[in-house]
Amino acid sequence: MSFALAPETPATAPLFRSTQSYNFSAKSYTVGTRKSALALVQTHLVADALAHLHPGTSFPVVHSTTIGDRNQSTPLHLLSPYSSSQPAKSLWTDELEALLAKGDFDLLVHSLKDVPTTLKEGFEIAACMKREDPRDAFVVREGLGYKRIEDLPEGSVIGTGSVRRVAQLKRAFPGLKFEDMASWHALEPRGNLNTRLSKLDSPTSPFSALILATSGLTRIGQTHRITCPLSSPVLLHAVGQGALGLEIRSGDQTARELLRRAGHWQTEWACGAERGLLRVLEGGCSVPVGIETTVEEIQKGEPGWESAGYGEEILKSLDGSSPLIHFSGVLPIETPLPSPSDTADTVRSTLQPRRARIKLLASVTSLDGSVHVLHEAPEAVVASWRGAERWGEECARRLIDLGAGEVLEDINRMRREREEEDLRRAKEANGVNGNGNGNGHGHGNGAEVQMSA
Ligand SMILES: NCc1[nH]cc(CCC(=O)O)c1CC(=O)O
């Protein structure tokens with residue numbers, strides 16, 4: 001484990017460790033993240049927003065090099081300390097969470113889409129910053145004149161290792177080929193966004209285009225590389241894409257107090273629905289789930305305002321110890337945050353009713369694109385973050401009824417077989433538990449365990 005202070009960080013910043021009650025004398029509050037250009041940009045975005053909200057407090061940014069960043073050629077599931085019993089996704093958060101628990105960090109900034117839908121005991125996603133454009137982007141190789149993915153000639157190679165993108169795009173464009181960039185030159189690193197862009201443009205590159213998240217490209221200042229946005233019916237984005245999740249030690253009252261104004265409730269409700277849906281569907285693995293969500297506030301007196309609203313009942317049971325995100329959108333800024341000992345009765349009188357219309361379009365696609373289960377949910381009225389989450393859970397059950405269950409079972413079975421096979425080969429090859437260099441075999445068929453992307 002290495003971790004280093006980012007350049008802007010005052011080297012002598014004292015570490016502040018949380019106390020039970022909010023302590024305005026806290027002068028420094030350490031924000032941790034992964035070491036990648038994108039992660040650092042995103043984290044500074046959050047730290048700057050917090051510094052603006054709390055002029056008396058400093059927010060030094062510290063990055064840690066996670067295993068996933070250090071070892072960029074071994075298949076991710078072989079690096080996971082948990083293998084098939086735990087999602088490989090948690091790889092990106094495990095080490096950071098350990099440092100958060102120890103008090104080295106007080107807050108973690110993540111791309112929400114990389115955060116497992118179920119957090120480990122002791123942690124909570126306290127808030128989400130306002131979402132960037134959540135859509136995927138089509139990025140054409142420099143000098144190649146094509147404007148849209150439809151224009152690419154048959155046989156063109158698209159660089160993406162995301163099962164979600166491959167599955168949906170195979171379905172829409174059976175004539176195109178999809179390859180994980182990591183498979184091109186086995187020893188090349190998995191790579192951050194800038195590496196991928198330069199690989200795309202390299203004279204020997206086999207790729208005609210890439211598919212990347214619009215939000216990531218925008219944040220690293222590469223918006224000009226986006227040739228065209230991709231969305232339904234061609235490609236639905238990943239759960240949580242484009243949003244930043246702020247993770248704290250659960251029950252850290254100081255953190256809650258510092259973060260309560262940083263969240264964007266519409267983003268939190270939309271992402272709550274998306275993560276609720278994914279949690280019901282995934283059963284431990286990253287799956288080709290696509291989604292598009294809109295959340296629109298209903299003003300008092302407008303149609304829908306009087307309806308009961310999903311998740312209204314939970315507002316009666318919130319007390320001072322409830323996770324901050326449960327207060328999303330319903331705790332007025334001028335109202336003090338409940339203290340941990342406040343009862344549900346006390347808390348209830350401080351909340352303001354909120355109603356929003358939520359629209360959800362979600363899909364599960366088989367890896368070869370042959371089966372695509374799509375569900376456009378009827379509009380629903382939700383009254384709380386938990387209501388949005390419940391609505392997402394319900395939509396997932398509907399998707400399962402429509403046939404998504406079989407698609408997911410197939411994928412999970414294939415994946416288990418693959419994992420066992422890879423693990424056996426890795427053990428044969430170097431007699432260790434996957435810390436070696438890997439050999440880059442087997443990438444490129446779209447079925448490997450990959451980051452959600
Ligand atoms: N899979 C990796 C990843 N995780 C988060 C982002 C940035 C997009 C976001 O903010 O959700 C990316 C890059 C990408 O998908 O192109």
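Residues are numbered from 1 along each chain as its sequence is written. Because the model is predicted, local features need pLDDT of at least 70 and side-chain atom pairs count only at pLDDT 80 or more, while totals for chains, interfaces and linings use all residues.

**The chain as a whole**

The chain holds 12 helices and 15 strands, where helices (H or I, at least four residues) and strands (E, at least two) are DSSP runs numbered from the N terminus. Of the 453 residues in the chain, 47% are buried; a residue is buried if 20 or more other C-beta atoms lie within 10 Å of its own, exposed if 12 or fewer, and partly exposed in between, with C-beta atoms placed from the backbone. Two residues are in contact if their C-beta atoms, placed from the backbone, lie within 7 Å, and among contacts between residues at least 6 apart in sequence, 79% join residues at least 24 apart.

Strand S4 (residues 107-111) is mostly covered, since 5 of its 5 residues are buried. Leu-107, Val-109 and Ser-111 point one way from S4, whereas Leu-108 and His-110 point the other way.

| Strands | Bridges | Direction |
|---|---|---|
| S2 (residues 31-34) and S4 | 2 bridges | parallel |
| S4 and S11 (residues 244-249) | 4 bridges | antiparallel |
| S7 (residues 157-159) and S8 | 3 bridges | parallel |

Gly-32 stands opposite Leu-108 in S4, and Ser-111 has Leu-244 in S11 as its bridge partner.

The 17 residues of helix H1 (residues 37-53) should span 24 Å at 1.5 Å a residue, and this agrees with its end C-alpha atoms, which are 25 Å apart; the expected span is 1.5 Å times one less than the number of residues. The buried residues of H1 are Ala-39, Leu-40, Gln-42, Thr-43, Val-46, Ala-47 and Leu-50. They cover an arc of only 165 degrees around the axis, which puts them on the same side of H1, the arc being that of the directions from the helix axis to the C-beta atoms. An α-helix has 3.6 residues a turn, so residues three or four places apart point the same way. Among the elements that cover the buried residues of H1 are S2, S4, S11 and helix H8 (253-259).

**An open sheet and its helices**

An open sheet of 5 strands has the order S8-S7-S9-S6-S10, with mixed pairing. Its edge strands, S8 (177-179) and S10 (228-230), each pair on one side only. Neighbouring strands of this sheet are turned by 30 degrees against each other on average, direction ignored; axes are lines fitted to C-alpha atoms, for helices over the stretch in contact, and angles run from 0 to 180 degrees between N-to-C directions. Helix H5 (residues 163-172) packs on the sheet, and its direction makes about 175 degrees with that of S8. Helix H6 (residues 193-201) also packs on the sheet, touching S6, S7 and S9, and its direction makes about 165 degrees with that of S9.

**A loop residue**

Ile-325 lies in the loop between helix H10 (314-317) and helix H11 (344-348), and it counts as buried because it has 25 C-beta neighbours inside 10 Å. Ile-325 and Ile-125 are 200 residues apart in sequence and 7.1 Å apart in space, C-alpha to C-alpha. Not counting residues up to four places away in sequence, Ile-325 touches Ile-125, Ala-126, Ala-127, Glu-268 and Trp-385.

How values were computed:
Pairing = 2+ DSSP bridges.
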